[in-house]
Amino acid sequence: MRKTGTILIHSIWLSLATALLVVGCANQKEPAMKMVAEAESALAGIKDDAAKLLPSDLQSVEASVAALKDDVAKGDYKAVLAGAPAVMSAINSLKEAVAARKSEVEAAMAAATAEWGSLSADVPKMVEAIQSRLDILGKAKKLPKSLSQEAFDSAKSGLDSMKSMWAEASSAFTSGDAVNAVEKAKGVKAKGEEVLKLLGMSPG
Amino acid sequence: MATEPVKPAAENPYTQHYVVKKGDTLSKIAEEFYGDKMLYPKIFEANRDVLSDPNKIKPGQKLRIP
């Protein structure tokens, strides 16, 4: 009779513990789900920019959010509640890093656009001056003493390169990539300096 | 009514220039820069704003060599 009573008490305690556990889980489920939803929402707000500007950082944060979702799927709300603050912190850090990187990129674009304005006025004049000289030299019965046939031929192929490089630079600028356009335009200008030297053309 | 000298389009900063010396002619300058004295009209045309006659150039004149 006493043994039966003990078993009964144990059963009651077990039921009570199970009930408390269920209630406890139920109490954790809602805040856990809410935290995951907040993390997903915060990540969605920066995802596009982050994918362009800081893809590897985004990948890492996405993996953390996915891990939280896995814990939700497993019903491990305690793990979700424990891990969510760090994930939210990582998302906020990523958000700040994306904003900083965006500002840097915008500043670089603005500087490149201004530089393009000067290069796009300058380089075509360089091409024009070289083209003019090569056209005239092409009509000459012989080349001047100071210019070898080899140098003349190199200058002609140099001008062809300049033209194709300039077309690429212009295309890059038209497609919105001012930074790349400026890099290419600087390449054209450097090539132009070489050609001017080959032709013995010292401006001024 | 006086005829105004022909003004070239905006000056190209990459155009080469030459300062005329005593005894120079456009033909001589053309031979030096182009290897062919017969190409002197190219220099004359590029300097129509300062030259009215290809046979009249003065020492000290700064000419464009296109």
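Of the 204 residues in chain A, 23% are buried. Keep in mind as you look around that this is a predicted model. Chain A has five helices and zero strands, while chain B has two helices and two strands.

**Chain A overall**
- Reading from the N terminus, the elements of chain A follow the order α-α-α-α-α.
- Take the contacts in chain A between residues at least 6 apart in sequence: 74% of them join residues at least 24 apart.

**A helix pair to find in chain A**
- Look for helix H2 (residues 55-74) and helix H3 (residues 77-139) of chain A, which pack with their axes 10 Å apart.
- The angle between H2(A) and H3(A) is about 160 degrees; angles over 145 count as roughly antiparallel, so that is how these two helices run relative to each other.
- The crossing of H2(A) and H3(A) is left-handed.
- On the H2(A) side, the residues that meet H3(A) include A:Leu58, A:Val61, A:Val65 and A:Leu68.
- On the H3(A) side, the partners include A:Val80, A:Ala84, A:Val87 and A:Ile91.
- Sorted by class, this contact between H2(A) and H3(A) has 13 nonpolar, two polar and two charged residues.
- A:Asp57 and A:Asp71 are among the H2(A) residues taking part.

**Chain B overall**
- Starting at the N terminus, the elements of chain B come in the order β-α-α-β.
- Buried residues account for 26% of the 66 residues in chain B.
- For contacts in chain B with a separation of 6 or more, 54% are between residues 24 or more positions apart.

How values were computed: Residues numbered from 1 in each chain as written. Chains lettered and ligands numbered in written order. Predicted model: local features only at pLDDT ≥ 70, side-chain atom pairs only at ≥ 80, totals over all residues. Axes fitted to C-alpha atoms, helices over the stretch in contact; angles between N-to-C directions. Helix = DSSP H or I, 4+ residues; strand = E, 2+ residues; numbered from the N terminus. Parallel < 35°, antiparallel > 145°, perpendicular 65-115°, else oblique. Left-handed = near helix turned anticlockwise from the far one by under 90°. Contact = placed C-beta atoms within 7 Å. Nonpolar A, V, L, I, M, F, W, Y, C, P; charged D, E, K, R; others polar. Buried ≥ 20, exposed ≤ 12 C-beta atoms within 10 Å, placed from the backbone.
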